[in-house]
Amino acid sequence: MTTSIVRPDVEIHPRLTDPLLPELLHPKRLLWTPRELADLTTTVTTELTAGLRSLLRFDEEQRWWARLALTDGVELWLLSWLPGQHTQPHDHGGASGSFTVLQGELGEEYRYPGGPIRRRTHTAGEGIGFGAGRAHQVTGIGDAPAASVHAYSPPLVPTREYTTLADVPSEIPPLPALVRP
């Protein structure tokens, strides 16, 4: 006899109880577009602000994060940034993504394979969706702590880190085979 572990259609952070969140996650949708991801992170930051702020933590030693939700098609995260905290340059392993700033200000350097390195500033309420292959480095800027909501589809795809954005390959490597329990 074999036993298999079945994951529920939607996993939600236990402290997020707003009934809107499960409705936003569309558990039957297996692949989200960058626009759909951006709509999701924007709606979550504007409609679930109180619940997100109750979860939010800041850590001077390292960036803080918490997974908010997971389905077979999308994962949703809350991240905090003190001024100067940053990611390593990375991509999302071929997944599409988005983020919307909940509070504060984030600086982003980004690059698509074969393209130039560009810079943007994202302030509270601003969101962006991006396609597979985009590599970036995100930094908390300004004088105040920042927080952001991020979404990725397909979920659970490992990131690839780079020494610099100049090291991003000129072609997008294929998505790894996705294995679901």
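A nonpolar core is a set of buried Ala, Val, Leu, Ile, Met, Phe, Trp, Tyr and Cys residues joined through side-chain atoms within 4.5 Å, where buried means under 20% relative accessible area with a 1.4 Å probe, protein chains only.

I note that the model is predicted, that local features need pLDDT of at least 70 and side-chain atom pairs pLDDT 80 or more, and that totals for chains, interfaces and linings use all residues. Residues are numbered from 1 along each chain as its sequence is written, and side-chain values use heavy atoms, without hydrogens and water.

I looked up the largest nonpolar core and found 23 residues; Leu40, Val44, Leu52, Leu68, Leu76 and Leu78 have the most contacts inside it. Two or more residues each come from α1 (20-24), α2, α3 (49-55), β2 (64-70), β3 and β10; helices (H or I, at least four residues) and strands (E, at least two) are DSSP runs, numbered from the N terminus. Strand β2 gives the most, with 4 residues.

I then recorded another core lying apart, of 10 residues, among them Phe99, Leu106, Ile128 and Tyr152.

I turned to the open sheet, whose 6 strands follow the order β1-β2-β3-β10-β5-β8 with antiparallel pairing; two strands pair if DSSP finds at least two bridges between them. The edge strands, each pairing on one side only, are β1 (11-12) and β8 (127-130).

I examined β8 next. It pairs with β5 (residues 96-103) in the antiparallel sense over 4 bridges. Glycine 97 stands opposite phenylalanine 130, and threonine 100 opposite glycine 127. Ile128 and Phe130 form the covered face of β8, Gly127 and Gly129 the uncovered one.

Note on methods:
Buried means under 20% relative accessible area, exposed over 50%, partly exposed in between (1.4 Å probe, protein chains only).
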